[in-house]
Amino acid sequence: MDMQKKLKETLGKIEAKGYVLREEWLEGSGGGCEIRGKKFFFSDQSLPLPDRLRQALDFWDEISKPH
């Protein structure tokens with residue numbers, strides 16, 4: 001599976017967990033947060049595709065762990 005497709009799939013899984021997806025130019029940051037009770041995942045568009053994929057995969061791993 002190519003990276004762009006894998007990123008789209010991973011972002012879809014994050015969204016299915018109740019996160020609002022935002023693709024923003026964040027100059028090296030990004031990730032998940034909660035603002036006024038609403039969950040967000042920010043995908044940093046300033047990063048190269050492999051780094052954006054890693055960011056999304058790492059966040060998915062974090063939120064899909066059993067508590």
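Buried residues account for 30% of the 67 residues in the chain of this predicted model. The chain contains two helices and three strands. Along the sequence, these elements follow the order α-β-β-β-α. The radius of gyration is 11 Å, close to the 11 Å given by the globule rule for 67 residues, so the chain is as compact as a globular protein of that length. Taken along the principal axes, the C-alpha atoms fill a box of roughly 30 × 25 × 15 Å. Among contacts with a separation of 6 or more, 35% join residues 24 or more positions apart.

Strand β2 covers residues 31–35, and strand β3 covers residues 38–44. The two run antiparallel and are joined by five bridges. One of the residues in β2, Gly31, has Phe42 of β3 as its bridge partner. Two residues lie between the strands of the hairpin. In this turn, Arg36 has a positive phi of about 50 degrees.

Three salt bridges are present in the structure. One links Lys6 to Glu9, with the closest N and O atoms 3.5 Å apart. Both residues belong to helix α1, which spans residues 3–16. They sit three residues apart, about one turn of the helix. Lys6 counts as partly exposed because its relative accessibility is 27%. Glu9, at 35%, is also partly exposed.

A salt bridge also joins the side chains of Arg22 and Glu24, at 2.5 Å from N to O. Arg22 has a relative accessible area of 37% and is therefore partly exposed. Glu24 is partly exposed at 25% relative accessibility.

Arg54 and Asp58 form a further salt bridge, and their closest N and O atoms are 3.0 Å apart. These residues are four positions apart in helix α2, so about one helical turn separates them. Arg54 is partly exposed, with a relative accessible area of 45%. Asp58 is partly exposed as well, at 39%.

Arg52 presents another picture. This residue lies in helix α2, which runs over residues 49–64. Arg52 is buried, yet has no salt bridge. The nearest side chain of opposite charge belongs to Glu23, 5.3 Å away. A salt bridge requires a nitrogen–oxygen distance within 4 Å. The side chain of Arg52 does reach the backbone oxygen of Leu47, at 3.1 Å. Leaving aside residues up to four places away in sequence, Arg52 touches Leu7, Ser43, Asp44, Gln45 and Leu47.

Definitions and conventions. Residues are numbered from 1 along each chain as its sequence is written. This is a predicted model: local features need pLDDT of at least 70, side-chain atom pairs count only at pLDDT 80 or more; totals for chains, interfaces and linings use all residues. Side-chain values use heavy atoms; hydrogens and water are left out. Buried means under 20% relative accessible area, exposed over 50%, partly exposed in between (1.4 Å probe, protein chains only). Lys and Arg count as positive and Asp and Glu as negative; His and the chain ends are not counted. A polar contact is a pair of N or O atoms within 3.5 Å; within protein, one must be able to donate a hydrogen and the other to accept it, and residues adjacent in sequence count only if both atoms are side-chain atoms. Contact means heavy atoms within 4.5 Å. Two strands pair if DSSP finds at least two bridges between them. The radius of gyration is taken over C-alpha atoms; the globule rule is 2.2 Å times the number of residues to the power 0.38.
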